[in-house]
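These are my notebook entries on a structure I went through element by element. I wrote each one down as I looked it up.

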Protein chains: 2
Amino acid sequence: MRAQSRGSEGERVPGEETEKRTSLVDDAYAAMRANIRDATFAPGYQASEQEIALRLGMSRTPVHEAAIRLQEDGLVRVLPRKGILILALAPDDMREIYDVIIGIEGRAAELIAALPSAERAAAADALDSWTTAMEEAHARADLPAWGEADGAFHNMLIEHVRNGRMSRIMHTINDQSHRARMLTLNLRRGLDASIAEHRQIAQTIRTGDPDAALAAARQHRLRARDELLPLLASYGLKHL
Amino acid sequence: MRAQSRGSEGERVPGEETEKRTSLVDDAYAAMRANIRDATFAPGYQASEQEIALRLGMSRTPVHEAAIRLQEDGLVRVLPRKGILILALAPDDMREIYDVIIGIEGRAAELIAALPSAERAAAADALDSWTTAMEEAHARADLPAWGEADGAFHNMLIEHVRNGRMSRIMHTINDQSHRARMLTLNLRRGLDASIAEHRQIAQTIRTGDPDAALAAARQHRLRARDELLPLLASYGLKHL
DNA sequence: GTATTCCAGCTTGCATGGAAGATAGCGCTC
DNA sequence: GAGCGCTATCTTCCATGCAAGCTGGAATAC
């Protein structure tokens with residue numbers, strides 16, 4: 001049973017070049033996170049470390065340590081002597097998540113709008129180009145592309161602050177809410193409003209008005225939250 | 001040798017209590033975190049897992065797994081085949097930390113000010129009592145007590161939101177900045193202003209004015225940051 | 001004296017086995 | 001038939017062994 005058979009025939013995480021030094025723990029972490037994101041491990045599913053280790057072709061130790069990291073990220077819960085529980089997301093979790101996003105992203109927009117004008121312009125250009133991508137996707141009624149552009153916009157917003165802690169927080173939060181966003185993508189209505197708000201955020205950044213940028217970013221997320229939460233409630237999605 | 005695990009255990013989802021299981025991993029995590037907080041493990045110190053395991057009276061495995069959690073918390077860095085490095089805090093880290101605090105705590109104050117009036121009053125009372133404790137400590141020139149009351153005020157602010165993710169983020173951030181706060185406690189000047197701002201925050205919450213609460217909380221942290229960062233720079237504290 | 005090479009001793013990464021706790025099902029008692 | 005207790009079996013937890021990588025210093029060549 002000492003199989004060093006790396007790579008389980010199936011493809012790895014897309015976009016992740018494992019060219020660098022790859023530890024089994026990192027492999028396990030990436031694989032499990034991907035499986036949770038694409039719902040291969042459905043919420044509520046209770047897996048055993050042994051089973052996952054077998055599937056990934058490694059021993060229990062790296063799986064166990066990856067599970068600790070995932071638990072720290074809030075994606076799973078390690079139940080002592082019972083197994084690894086894939087966490088579900090309740091509407092109340094989405095409320096929590098949105099409040100964190102509103103706080104962090106508002107500050108992020110404010111900070112970017114306070115940068116020197118050259119950097120502001122560069123950021124605004126990048127943000128606008130993603131908004132344009134959203135418009136085009138909207139015109140084609142291509143919801144997945146719309147969602148991807150939307151995600152890229154907000155990701156870019158955070159990255160421009162150059163605050164590793166903010167990036168990390170948003171990254172974690174996005175992991176947690178990814179499934180909910182995918183599910184509700186088809187149900188959303190206010191795409192036009194969303195695009196307009198994106199333009200507004202980029203505009204306030206270009207102008208260099210921190211207060212307005214803060215207000216615009218907050219407004220955008222507040223509206224999205226007020227659109228999403230009733231949706232989840234009405235569809236009775238108890239766990240996502 | 002047995003490290004006494006201090007009372008603050010990482011809490012999870014609200015509603016789940018009765019966690020009194022004692023695992024060695026939890027012991028190691030709590031002990032190492034306490035040692036980092038009180039600078040028994042000074043920043044820059046590089047310990048080996050074997051050595052820590054010996055000191056804690058356990059084997060390497062639980063220490064290793066605790067180190068993973070601490071790394072996830074941003075307190076240490078696990079260097080492959082070199083050891084566990086206790087991370088230092090540079091002034092730029094403090095800038096990052098303050099921006100996260102400004103975003104999160106502002107939203108927290110806003111949310112509390114939007115609660116029903118009975119809960120607002122209860123929160124404001126609790127906050128005011130801690131502010132009073134700060135005043136008394138200030139009158140006695142008891143800086144440690146002042147710092148403790150200040151910490152309790154802000155902790156209470158976050159806890160009243162009942163958002164586990166916010167609590168967790170602030171908890172992590174506070175762990176990281178604890179040493180810097182302790183160091184600069186003796187150097188701070190604007191204690192009167194700080195107390196007045198605390199009163200202001202509690203007042204806006206009592207009144208139930210979310211916008212004012214947001215502004216007051218932000219203003220408080222912005223001023224504290226602008227007081228602290230030059231202090232760190234002028235004293236040439238490269239790593240804390 | 002200086003530069004280079006190599007090795008001994010450190011470190012963690014990972015696998016694996018034993019131990020203990022939790023659980024479900026079976027058999028026994030009433 | 002219903003309830004209770006025992007046990008078989010599953011799970012994680014933790015200790016430990018082995019392998020591999022990195023580092024510092026000794027020994028050698030010049």
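I began with the sheet of chain A, which is open and has 3 strands in the order 1-3-2 with antiparallel pairing; I took two strands as paired if DSSP finds at least two bridges between them. Helices (H or I, at least four residues) and strands (E, at least two) are DSSP runs, numbered from the N terminus. Strand 1 (46-47) and strand 2 of chain A are at the edges and have a single partner strand each, so one side of each is left without a neighbour in the sheet.

Before going further I noted that this is a predicted model, in which local features need pLDDT of at least 70 and side-chain atom pairs count only at pLDDT 80 or more, while totals for chains, interfaces and linings use all residues. Residues are numbered from 1 along each chain as its sequence is written, and chains are lettered from A and ligands numbered from 1 in the order in which they are written.

**Strand pairs of chain A**

I then looked up the bridges, and found that 2 of them join strand 1 of chain A to strand 3 of chain A in an antiparallel pair, where A:Ala47 has A:Ile84 in strand 3 as its bridge partner. Strand 2 (residues 76-79) of chain A is joined to strand 3 of chain A by 4 bridges, also running antiparallel, and here A:Arg77 is the bridge partner of A:Leu85. These two strands, strand 2 and strand 3 of chain A, form a hairpin with 3 residues between them, and in the turn A:Arg81 has a positive phi of about 60°. Helix 3 (residues 60-72) of chain A lies across strand 2 and strand 3 of chain A and runs at about 125° to strand 2.

**Sheet of chain B**

In chain B I found an open sheet of 3 strands in the order 1-3-2, with antiparallel pairing, and its edge strands are strand 1 (46-47) and strand 2 (76-79), each of which pairs on one side only. Strand 1 of chain B is joined to strand 3 (residues 83-86) of chain B by 2 bridges, and B:Ala47 stands opposite B:Ile84. For strand 2 and strand 3 of chain B I noted 4 bridges, with B:Leu85 as the bridge partner of B:Arg77. The hairpin of strand 2 and strand 3 of chain B has 3 residues between the strands, with B:Arg81 in the turn at a positive phi of about 60°.

**Helix pairs**

Which angle do helix 5 (residues 117-139) and helix 6 (residues 143-159) of chain A make when they pack? I read about 170°, with the axes 8 Å apart; axes are lines fitted to C-alpha atoms, for helices over the stretch in contact, and angles run from 0 to 180 degrees between N-to-C directions. That angle makes helix 5 of chain A roughly antiparallel to helix 6 of chain A, a term used for angles over 145 degrees. The crossing of helix 5 and helix 6 of chain A is left-handed (the near helix is turned anticlockwise from the far one by less than a right angle; right-handed if clockwise). Among the residues of helix 5 that meet helix 6 of chain A are A:Trp130 and A:Met134, and helix 6 brings residues including A:Trp146 and A:Phe153.

In chain B I looked up helix 4 and helix 9 (residues 210-234), which pack at about 165° with their axes 7 Å apart, and the angle makes helix 4 of chain B roughly antiparallel to helix 9 of chain B. Their crossing is right-handed.

**Between the chains, and near the DNA**

The contact between the chains takes 20 residues from chain A and 20 residues from chain B, where contact means C-beta atoms, placed from the backbone, within 7 Å. On the side of chain B that touches chain A, helix 3 (60-72), helix 4 (91-113) and helix 7 (164-184) of chain B each supply at least two residues, and the largest share, 10 residues, comes from helix 4 of chain B.

Last, I looked at DNA strand D, which has 18 residues around it, and those that come nearest are A:Ser48, A:Glu49, B:Leu24, B:Ser59 and B:Thr61; a residue is near if its C-beta atom, placed from the backbone, lies within 6 Å.

Technical notes: Two residues are in contact if their C-beta atoms, placed from the backbone, lie within 7 Å. Angles under 35 degrees count as roughly parallel, over 145 as roughly antiparallel, 65 to 115 as roughly perpendicular and the rest as oblique.
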